[in-house]
Amino acid sequence: MGSRADPGTVEVAQLVAWLETFGRLVHEERDHLTALDAAIGDADHGLNLDRGMRAVVERLHADRPATVDALFKTVGMTLVSTVGGASGPLYGTFFLRFGTAAGPVDELDAAGLATALRAGVGGVVARGKAEPGDKTMVDALEPAVTAYERAVGSGPEHAAAAASEAAEAGRDATIPMVARKGRASYLAERSAGHLDPGATSSALLLRALADALAGTLPETTDGRA
Amino acid sequence: MVGIVVVSHSPALATAAVELAREMLHGTDVPITVAAGTAGGATGTDAVRIADAISRVASGDGVLVLMDLGSAVLSAELATELVGPLDGEIRLSAGPFVEGLVAAAVTASTGADLDRVAEQAASALTPKASHLQH
């Protein structure tokens, strides 16, 4: 692990490092995510996603698939079965579509990663039927993938860093929004003034990708803080 | 006969709703299956379980899926993508969880087709609403 023959490609090991990093960030931010959800939802987002990503990382350590499509099918199906809340089918669909778009390959180039990310976000939009401005995951994911696509020529590492910055800006932009999807929509105008928990965890997903591709991970990591 | 899948965050809620519906069936064996809670026993919904439940009650006559709130709907929609090729259509009901299930079960027990079962589930609040208007 850790030696990359070609900085323009992303190998399965780095995608696994992305998932491990996401799991670690979700675990570290678990109580924050749940507190955000307590303000405008049913107070389970951090707990649910942490449970799901722990199961994902355990499964990948037990049996790591060799191809990108198989890897993300495992990830998606595990989340669907363990998360329980709406983030299960939403993140599950993201990873399932990501894997299907990537196909049975053992590495992705910058453009291949763009295609997979775009397919994943398309899946979240199709599943949740949310549009930008609805105060959801889409508000972080959509600008992130657009930023990645714009920076794709500079390679996956730089494009992922751009995507992470855009996701965090998109996350912060959810604060004044009025929720139109999920349980937060019952609060209507009272949902304004709060960060959206789904957009917050989605920003962690892109932060994890940027960190994993920047090679900031230790040589061996088990995904736990 | 149309099969029915009952999707809930809570196994206890789903099981009790099915018991209530079965009281109306007088022993007619309508295929009804529960998909509730997650694989780890947590409160929530699990698209893989829902897909399995759909496969178990599926026949050429089709399947109607009743859901409680929130993620139940998203998980059921994902389940229709995960389930393999089946004879017969899978339809998700916008009907109310308890009243819709009772109406669907009773209608299915008469041998009605999926259109009719789905229609009865979707309009299952009508008797309550009209009662309260008077």
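This is a predicted model: local features need pLDDT of at least 70, side-chain atom pairs count only at pLDDT 80 or more; totals for chains, interfaces and linings use all residues.

Trainee: Why is Arg24(A) called partly exposed?

Mentor: Buried means under 20% and exposed over 50%. The 21% of Arg24(A) falls in between, so the residue is partly exposed.

Trainee: What makes Arg24(A) and Glu28(A) a salt bridge?

Mentor: The rule asks for a side-chain nitrogen of Lys or Arg within 4 Å of a carboxyl oxygen of Asp or Glu. Here the N to O distance is 3.5 Å, so the pair qualifies. Both residues lie in helix α1 of chain A, four residues apart, about one turn of the helix.

Trainee: How do you know that Glu28(A) is partly exposed?

Mentor: Its relative accessible area is 43%, and that value lies between the 20% and 50% cut-offs.

Trainee: What makes the pair Glu81(B) and Arg127(A) a salt bridge?

Mentor: Their side chains meet at 2.7 Å, N to O, which is within 4 Å. Glu81(B) lies in helix α3 of chain B and Arg127(A) in helix α6 of chain A, so the pair joins two chains.

Trainee: Why is Arg127(A) called buried?

Mentor: Its relative accessible area is 5%, and buried means under 20%.

Key:
Residues are numbered from 1 along each chain as its sequence is written. Chains are lettered from A and ligands numbered from 1 in the order in which they are written. Side-chain values use heavy atoms; hydrogens and water are left out. Buried means under 20% relative accessible area, exposed over 50%, partly exposed in between (1.4 Å probe, protein chains only).
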